[in-house]
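Work through the exercises below with the sequence and the model open. Each task is followed by a solution in steps.

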Amino acid sequence: MQFDLREFTDRLCRFRSTAGREAVAAEWVRERLDALGFETYAWDADAELLAGHPSFPDDPAAIDVDGRRSVAGVLELGPAGADAPSASDDPAVGDASTTEPDHPTVVLNGHLDVVPAEADSWSSDPFEPTRRGGEKTASGSDDGETLTARGAADMKSGLAACVGAALDVRDAVADGALATDGAVAADESPGVRVVVEAVAGEEDGGYGAATAALSNPYPFDRDAAIVAEPTDLRPVVATEGSLMVRLELTGRSAHAATPWHGEDVLPRFERIRRAFADLETERGERVTHPLYDAFPVPWPVVCGTVEAGSWTSTVPASLTATFRIGVAPGETVRSVESTFADRLAEVVDADPWLRAHPPTFERVSVQFEPAEIAPDEPIVEAVRAGLDATGLPDAEPEGATYGADSRHYVAAGVPTVVFGPGSIAEAHYPDETVVWSAVEHARSAIAAATLRYARDHRRTTSG
């Protein structure tokens with residue numbers, strides 16, 4: 001079977017793989033990986049396992065894992081490839097004690113799920129890929145070609161680039177790419193194991209990646225990973241965490257004609273919101289990180305939803321609001337939660353009504369812990385070398401104010417860099433678009449990075 005990057009990406013973007021609907025797309029990817037010569041694996045999200053993870057609710061019943069299937073394809077490349085362990089459909093497979101070939105494993109990860117799309121806000125069908133500009137030629141396309149679809153940037157084009165990169169590595173190894181280094185004799189050339197993962201549920205906590213990190217679905221260890229989120233082809237080594245909380249206030253209703261008989265929750269909410277905004281500013285000055293100096297607001301606090309009152313002519317006596325609070329690398333969700341709870345307590349203490357009717361402030365949905373790796377990790381240096389080999393400008397490692405599945409692998413001891421085509425500014429937006437040349441560049445750079453990592457790993461492990 002031949003692999004066509006455009007065709008693969010377009011078909012993947014047609015799947016309406018929103019939360020809980022990833023399974024059909026996962027099976028399609030697995031079928032394609034099978035046909036392309038990968039050994040394939042599959043696993044389902046495990047509610048009991050995830051309940052013990054800090055990103056998820058403690059109650060397994062609150063974690064809906066229906067339809068949360070993830071798949072992967074493995075290529076064993078190099079002189080020891082024939083000794084590779086066979087794949088298994090059993091999600092519980094994870095015995096890393098199996099005898100392994102003497103070469104590293106690089107995971108290339110992308111998520112299948114997308115956020116919902118409001119079709120009325122789009123200029124075209126969100127799930128019918130639309131290409132504009134650029135003339136398609138035998139050698140590719142110019143920089144003017146774009147792809148618009150839900151998931152085009154976040155991150156189905158990145159996942160497709162990973163598949164293409166893995167196949168390019170296979171071709172390069174077959175052509176002796178890993179035997180060309182003069183420091184390694186041809187008959188001792190290193191190999192590499194490449195894993196392409198298509199995981200479920202990244203947008204709401206990382207169902208597939210967290211399950212894979214906690215219970216390795218493969219009979220081998222993982223040495224490094226690249227998560228192909230949209231980074232404008234720049235290596236990201238630090239991702240921000242986030243605390244998701246719900247605030248509930250209670251007032252006292254009264255007729256709008258005599259509001260002095262009631263207790264309006266809105267002014268009290270505004271005092272709390274202002275206190276949190278002030279704390280956002282304070283934390284931006286007090287909590288520092290060298291990779292976040294360029295951001296105008298490094299640890300954002302956003303009140304995403306507010307619902308108050310019950311009738312136009314009634315003093316609002318109840319309010320529910322949800323906040324997303326940034327957590328810096330090096331902090332924990334728990335410590336930041338405590339900081340904001342203390343600031344809320346100060347507002348409450350200054351208001352007699354709130355003292356008598358204290359608000360609730362508790363976690364909601366999933367939490368994202370921050371993560372980071374050293375900028376000089378071998379996988380980061382390999383990505384930078386991949387950029388150079390592809391003819392792209394080198395880029396210093398950066399931080400990002402969003403969370404990603406990379407944090408699950410970092411927590412499991414797998415150094416992981418985030419690197420992929422497209423811009424995070426396109427993610428979750430109407431008319432989500434990626435410049436197609438960036439997808440092709442990502443494919444080439446990821447392939448070159450994987451080969452570089454394999455060569456460097458051999459030098460390190462062989463002394």
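A residue is called buried when its relative accessible area is under 20%, exposed when it is over 50%, and partly exposed in between (1.4 Å probe, protein chains only). The model is a predicted one, in which local features need pLDDT of at least 70, side-chain atom pairs count only at pLDDT 80 or more, and totals for chains, interfaces and linings use all residues. Residues are numbered from 1 along each chain as its sequence is written, and side-chain values use heavy atoms, with hydrogens and water left out.

**Exercise 1. Salt bridges**

Task: Classify the partners of the salt bridge between arginine 268 and glutamate 263 as buried or exposed.

Solution. Begin with the criterion: a salt bridge is a side-chain nitrogen of Lys or Arg within 4 Å of a carboxyl oxygen of Asp or Glu. Arginine 268 and glutamate 263 meet it at 2.8 Å, N to O. Next, take the accessibilities. Arginine 268 has a relative accessible area of 13%, so it is buried. Glutamate 263, at 19%, is buried too.

Task: Find where in the chain the partners of two further salt bridges lie, arginine 69 with aspartate 44 and aspartate 394 with arginine 384.

Solution. Helices (H or I, at least four residues) and strands (E, at least two) are DSSP runs, numbered from the N terminus. Arginine 69 and aspartate 44 come together at 2.9 Å, N to O. This pair links distant parts of the chain, with arginine 69 in strand 2 (residues 69-77) and aspartate 44 in strand 1 (residues 39-44), 25 residues apart. Aspartate 44 is partly exposed, at 33% relative accessibility.

For the other pair, the closest N and O atoms of aspartate 394 and arginine 384 are 2.8 Å apart. Aspartate 394 is in the loop between helix 9 and strand 14 (398-400) while arginine 384 is in helix 9, so the bridge ties together parts that are 10 residues apart in sequence. Aspartate 394 is partly exposed, with 48% relative accessibility.

To finish, turn to the whole structure: a search finds 29 salt bridges. Arg6, Asp10, Arg131, Glu145 and Glu440 are linked in a network of such bridges.

**Exercise 2. Helix 9**

Task: Compare the reach of helix 9 with its expected span, and list its buried residues.

Solution. The expected span is 1.5 Å times one less than the number of residues. Helix 9 (residues 378-389) has 12 residues, and its reach from first C-alpha to last is 16 Å, close to the 16 Å expected. Its buried residues include Ile379, Val380, Ala382, Val383, Ala385, Gly386 and Leu387. To read such a list, recall that an α-helix has 3.6 residues a turn, so residues three or four places apart point the same way. Just after helix 9, glycine 391 takes a positive phi of about 85°.

**Exercise 3. Backbone geometry**

Task: Which residues have a positive phi although they are not glycine, and which two are joined by a cis peptide bond?

Solution. Aspartate 232 has a positive phi of about 60°. Its place is the loop between strand 7 (224-227) and strand 8 (236-239), and aspartate 232 is partly exposed at 48%. Histidine 428 has a positive phi of about 70°. Histidine 428 sits in the loop between strand 15 (416-418) and strand 16 (433-435), and its relative accessible area of 43% makes it partly exposed.

The cis peptide bond joins aspartate 154 and methionine 155, with omega about -10°. Methionine 155 belongs to helix 4 (residues 152-174).

**Exercise 4. Pairs across the chain**

Solution. Alanine 412 is in the loop between helix 10 (406-411) and strand 15, and is partly exposed at 39%. Glycine 251 lies in the loop between strand 9 (241-250) and helix 6; at 13% glycine 251 is buried. The C-alpha atoms of glycine 251 and tryptophan 353 are separated by 8.1 Å, and the two residues are 102 apart along the chain.
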